[in-house]
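Take a look at the structure below. Start with the strands, then turn to the side chains.

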Amino acid sequence: MIRAYMRPNGLVGVRNHVIVLPTVVCANAVVEEVGRRVPGVQPITHPYGCTLDPVANDEMTRVFAGIASNPNVYATVLVALGCETVVGQQVMEMAQAAGARCALVTVQDEGDTFAAADAAEKVARSFLEEASKVERVDCPEDGLIIALECGASDAFSGLSANPAVGKAADIMVDMGMTVMISEITEYMGAEHIAAAQAANDEVKQQILDVVARTERNLAAIDPACGLSDITPGNIEGGLTTIEEKSLGCIRKGGSRPYVQVVEYAQRPTKKGLVMMDTPGQDIQSLTGLMAGGAQIGIFTTGRGTPTGSAIAPIIKVVSNTQAFNRMRRNLDLNAGAVLDGEKTLDEMAREIVTTVLAVAEGKLTASEIAGHREFALRRYGSVGCIY
Amino acid sequence: MRAKEVRRVRAIQVDASDNVVTLVQAAAAGDMACWDGGCVQLVEDVPAAHKVCIQAIPAGSVVTKYGSPIGLATTSIEPGQWVHVHNVRSARGKGAHA
């Protein structure tokens, strides 16, 4: 059992946030103003919400509703402009159907951004008062969905941080949790290993299909794009190709069977190791994982990255001691101890699981303390040149 | 006169079939990179976390790490040489269409 927030729909939250989320970029100023007036809320801003692409439109609607219904969120104040293609009312209804508590403030209905900020502030204050009365209670550990992510990787990532997280993933799956791995671009060159780990033929085919679909999208990119397919930092850190990066990345997933492949921002329905179709861009990937219901992220890095999430604690595990010492205040755990011969992978894995449980019960992560609340969406059809 | 002692630097071979090893710390030309299973003398400086060739890799053939292909050699690579973007290309993603 863990001490966490039991939501009315039976989902388990590890945080009790009230978030203020614009459903369109044009409402950002209102959200920022509410954040200034009511410091207890989590204001999220982003450049999305109005698009002529109906596929992207549907996906954004699902993502916003998914974020609002993440069990770490006590309640959400949605702020719309009123004329955009992502319809605020639809986001609210979809979130409410998933059991979320939310309210909608529409700028054009309120009159202007000042009036909208007044209305949103009022709702935000009342949500915060309600949220403050909710207490942590005993909740089953198997209610946790743990998101796996890696970013700013180096060639040590695949030798220390990722295999340590993989062993931790095995422990957590055995405890009944769901572990959700992501970033399909980082399966190119490693899909044969994941496919062999599939629980059945259907999942095996889904794994191969989702990687092939991602690779086709990349092949369609204009060759004039001219960039490398891994980042300059990856290359400086010793990674040579996407295959090498992938083979290191997938070690995060551990050795348990893949039981399900879900779409971007889709909540898994099975417990165990799950794969979500997200892009290699860390923030876009994390947003999809959180919209899919993950309450905690484990994020491995080699070069060191500070990023976090507005709604979920992110536990940073770094691959080498040099980066740990350099970025100490942005990182939580040092798997460089494995390379230094100070800890075994099994010891590191147990430390990761202990940290996950402590964070689930309220321990703050480095990204939370530093106030990192990055938020980005996958743009459907444009995957970019760098995985 | 005694020969200068050769410095040994730890390296990791992930899978016994790999034709490269990963250096745990930076090493210089002349240093020996040693892993569980052997040592190779470096012919050039190689940064930490980067790869060193331990078996001759002919141009166009597969570079193996983690027991799986990580790319194709764009030129022949000899034991002790640094293995990186200057002599390996990806065969996947955009690399497949390069």
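This is a predicted model: local features need pLDDT of at least 70, side-chain atom pairs count only at pLDDT 80 or more; totals for chains, interfaces and linings use all residues.

Begin with chain B. Here 6 strands form an open sheet. Their order is β4-β3-β1-β2-β5-β8, and the pairing is mixed. Strands β4 (38-41) and β8 (82-83) of chain B stand at the edges. Each has a single partner strand, so one side of each is left without a neighbour in the sheet.

What holds strands together? Strands of a sheet pair through backbone hydrogen bonds, either parallel or antiparallel. Now pick one pair from this sheet. Strand β2 (residues 20-23) of chain B is joined to strand β5 (residues 51-53) of chain B by 3 bridges. The two strands run antiparallel. Find Thr22(B): its bridge partner in β5(B) is Lys51(B).

Next, the rings. How many aromatic pairs are there over all chains? The count comes to 1. Tyr187(A) and Tyr258(A) form this pair, and it is edge-to-face. The centres are 6.5 Å apart, with 75 degrees between the planes. The pair links distant parts of the chain. Tyr187(A) lies in the loop between β9 (178-181) and α7 (191-196) of chain A. Tyr258(A) lies in strand β10 (residues 258-262) of chain A, and the two tyrosines are 71 residues apart.

One more contact in chain A involves a charge. The charged end of Lys316(A) sits over the ring of Phe299(A), 5.2 Å from the ring's centre.

How values were computed. Residues are numbered from 1 along each chain as its sequence is written. Chains are lettered from A and ligands numbered from 1 in the order in which they are written. Side-chain values use heavy atoms; hydrogens and water are left out. Two strands pair if DSSP finds at least two bridges between them. Helices (H or I, at least four residues) and strands (E, at least two) are DSSP runs, numbered from the N terminus. Rings of Phe, Tyr and Trp (its six-membered ring) pair if their centres lie within 6.5 Å; planes under 30 degrees apart count as stacked, over 60 as edge-to-face and the rest as tilted. A charge sits over a ring if NZ of Lys or CZ of Arg is within 6 Å of the ring centre and within 35 degrees of the ring normal.
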